[in-house]
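Below are my notes on one helix and on the salt bridges. Please read them alongside the model.

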Amino acid sequence: IEASGLADTVASGLVGAFDFLGPRGVLTGVILATVVMTGLITNNAAALLMFPIAVASAQYAGVEPRGFAIAVAVAASVDFLTPIGYQTNTMVYGPGGYRFGDYARLGAPITLMVVLILVVLVPMVWGT
């Protein structure tokens with residue numbers, strides 16, 4: 001992703017879309033992209049794909065990339081929106097009698113809370 005230039009292209013798009021909100025806005029964009037990616041693929045793959053994009057986004061925004069990397073690691077590990085993004089969600093999906101929509105309905109408030117906590121705490125702790 002980094003060698004092909006895809007990370008810079010996606011990071012440029014994220015920064016362009018969220019830069020009007022400042023560095024926290026860019027951080028929010030990276031976190032939201034990671035959450036969406038985690039819902040589509042496994043959390044490990046999402047973190048692996050989003051890491052170079054997060055670092056490039058931080059560089060474009062002119063902030064320390066360490067906080068963005070931490071945010072990606074956490075955001076990739078909190079998939080509450082789908083039964084396919086995390087192994088334990090998949091394990092309880094059938095035996096628990098859950099429907100696909102149950103994850104989105106119950107997981108959206110939790111995911112929103114985690115995103116807000118990350119947007120507030122990451123800049124405070126890692127100075128992004």
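1. Helix α3 covers residues 43–61, 19 residues in total, and spans 25 Å from first to last C-alpha, close to the expected 27 Å (1.5 Å times one less than the number of residues). Helices here are DSSP runs of H or I with at least four residues, numbered from the N terminus. The model is predicted: local features need pLDDT of at least 70 and side-chain atom pairs pLDDT 80 or more, while totals for chains, interfaces and linings use all residues. Residues are numbered from 1 along each chain as its sequence is written, and side-chain values use heavy atoms, without hydrogens or water.

2. At Met-50, shortly before Pro-52, α3 has a kink of about 35° (the angle between axes fitted to the seven residues ending there and the seven starting there). Gly-62, which follows α3, has a positive phi near 75°.

3. Both Met-50 and Pro-52 are among the buried residues of α3, which also include Asn-43, Ile-53 and Ser-57 (buried: under 20% relative accessible area; exposed: over 50%; partly exposed in between; 1.4 Å probe, protein chains only). The buried set packs against α1, α2, α4 and α5 (contact: heavy atoms within 4.5 Å).

4. The salt-bridge count is two (a side-chain nitrogen of Lys or Arg within 4 Å of a carboxyl oxygen of Asp or Glu). Asp-102 pairs with Arg-99 at 3.4 Å between the closest N and O atoms. Asp-102 is buried at 10% relative accessible area, whereas Arg-99 is exposed at 58%.

5. Asp-102 also bridges to Arg-105, at 3.1 Å. These two residues lie three apart in α6, about one helical turn, and Arg-105 is exposed at 52%. Shared partners join Arg-99, Asp-102 and Arg-105 into one network.
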